[in-house]
Amino acid sequence: MDSFQFCDDLGPEKIVTLYDPATNMRAIVVVDNVACGPSIGGTRMAPDVGVEECFRLARAMTLKNAAAGLPHGGGKSVIFADPAMPLPEKEKIVRSFARAVEQITDYIVGPDMGTNELAMAWVQDEIGRAVGLPPEIGGIPLDEIGATGWGVAAAARVAKDFCDLELTGARVAVQGYGAVGRHAARFLANEGAILVAASDSKGTVIDSDGLNIDALEAAKSSGGSVLDAEVGEKREQDAIISVPCDIWIPAARPDVITMDNVDELKTRLILQGANIPITLDAEKYLHEKSVVSVPDFIANAGGVICAAVEYAGGSQTQALDLIEEKVSTNTKAVLRSSQTTGSLPREAANQIALERVHKAMSYRWSFH
Ligand code: NAD
């Protein structure tokens, strides 16, 4: 494949293939744009992610980090391997990967699908340059504290004013009751919202009078499904899409809303916890129907903001404060711009992010 086909006015700065014959570690690293600072982006372990996907994920990180106003550019890497391999073998591969990226100093390694805190501890041990670390070595446990869900709730506090909504009594439905979704539900419930539906890969539970969040939490934290919580009416996985609500939070997988099912949604506000949960044409359709939708890289930036604070040596409290400040400010800027110009919130968000990257590029001698 011709890697130069991805080049445009932003990057990518480098696409590097890595191979260690001793361990059979095979990986690819894409450093997209570092005008705002050294790139941060997760390391995915998967057998089947191509160069193009890795580049697209790196570009998404360039925009997400710039939109969040972080001093970091965007990057991403993929180790081509089965994440379920035995742990000793995984450790060898990850350590070999870490040694191979040591010289790529403008790439800071983070967790992603197939890697976790433990993998980041191995990387840190090898090269001292990783985020998403265990707390014992300076990490902020972002999924445990609900960093991304905290940001989603901050987006709700701002976005409600753009759709005439009060959080007290607002009906919330969460698709994907995992690290992002369940914390978002809990934070919104603390503001008086009512969780009327929750789903995971096993099914959906619905109760228009409100689900018991403690029961759901107990079921999920013991490794079960929302269906094990003995709450609400049990339905199939996709029943969550048509539940009448005020706030719908996709926090599971990409492309869950398309032109085929967009008409099933009965909501006023969408907070995109997952990455690209709605196809662009469906997003445009919702915009025309005056459904307010806060795009993924604005609403779910809490995780990477937390990682950036960890990298800078900050505390959990500083991370939560910064998430609230950044996500609120950006949600307001995006929805205001969308309201004024009539453009899609995603287009407004892209424009804000691109302006920041181009401005940062203008400060760098290497770009003149
Ligand atoms: P997770 O694995 O903790 O939770 C995902 C949940 O979604 C699980 O409960 C799973 O059962 C459920 N699920 C899977 N497929 C489903 C489907 N088709 N319908 C309904 N539920 C389904 O993952 P997470 O960390 O909460 O991440 C969720 C999404 O948010 C992912 O797209 C991820 O890339 C994105 N994201 C996560 C973070 C973070 O900080 N964790 C940050 C930004 C974006």
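This is a predicted model: local features need pLDDT of at least 70, side-chain atom pairs count only at pLDDT 80 or more; totals for chains, interfaces and linings use all residues.

Q: Into which domains is the protein divided?
A: There is domain 1, covering 3-62 + 73-139, and domain 2, covering 147-350. Their centres, taken over C-alpha atoms, are separated by 28 Å.

Q: How many residues are in contact between domain 1 and domain 2?
A: Domain 1 contributes ten residues, and domain 2 contributes five.

Q: What area is buried between domain 1 and domain 2?
A: Start with the general idea. Interface size is often quoted as the accessible area lost when the parts come together. Here about 590 Å² is buried between domain 1 and domain 2. Carbon and sulfur atoms give 68% of that area. On the domain 1 side, Ile40, Ile108 and Val131 lose the most area to domain 2. Together they make up 49% of what that side buries.

Q: Which polar links does the rule find across the interface of domain 1 and domain 2?
A: The rule finds two residue pairs in polar contact, both at pLDDT 80 or more.

Q: How many salt bridges does the structure hold?
A: The general idea is simple. Side chains of opposite charge can pair when their charged atoms come close. The structure holds 21 salt bridges. One of them joins the side chains of Arg59 and Asp32, at 2.6 Å from N to O. This pair links distant parts of the chain. Arg59 is in helix H1, Asp32 is in strand S2 (residues 25-33), and they are 27 residues apart.

Q: How many aromatic pairs are there?
A: The structure holds two aromatic pairs. Among them is Phe6 with Phe55.

Q: Why is the pair of Phe6 and Phe55 stacked?
A: The ring planes are at 20°, and planes under 30 degrees apart count as stacked, so this pair is stacked. The ring centres are 5.0 Å apart. Phe6 lies in the segment before strand S1 (14-20), and Phe55 lies in helix H1 (residues 51-67), so the pair ties together parts 49 residues apart in sequence.

Q: Which backbone features deserve a look?
A: Most residues other than glycine have a negative phi, and most peptide bonds are trans. Gly11 and Pro12 are joined by a cis peptide bond, with omega about 0°. Pro12 is found in the segment before S1. Asp164 has a positive phi, near 50°. Asp164 sits in the loop between helix H5 (147-159) and strand S6 (171-175).

How values were computed
Residues are numbered from 1 along each chain as its sequence is written. Side-chain values use heavy atoms; hydrogens and water are left out. Domain bounds come from an automatic or database domain assignment. Contact means heavy atoms within 4.5 Å. Buried area is the accessible area (1.4 Å probe) that two parts lose on being put together, summed over both. A polar contact is a pair of N or O atoms within 3.5 Å; within protein, one must be able to donate a hydrogen and the other to accept it, and residues adjacent in sequence count only if both atoms are side-chain atoms. Rings of Phe, Tyr and Trp (its six-membered ring) pair if their centres lie within 6.5 Å; planes under 30 degrees apart count as stacked, over 60 as edge-to-face and the rest as tilted. Helices (H or I, at least four residues) and strands (E, at least two) are DSSP runs, numbered from the N terminus. A salt bridge is a side-chain nitrogen of Lys or Arg within 4 Å of a carboxyl oxygen of Asp or Glu.
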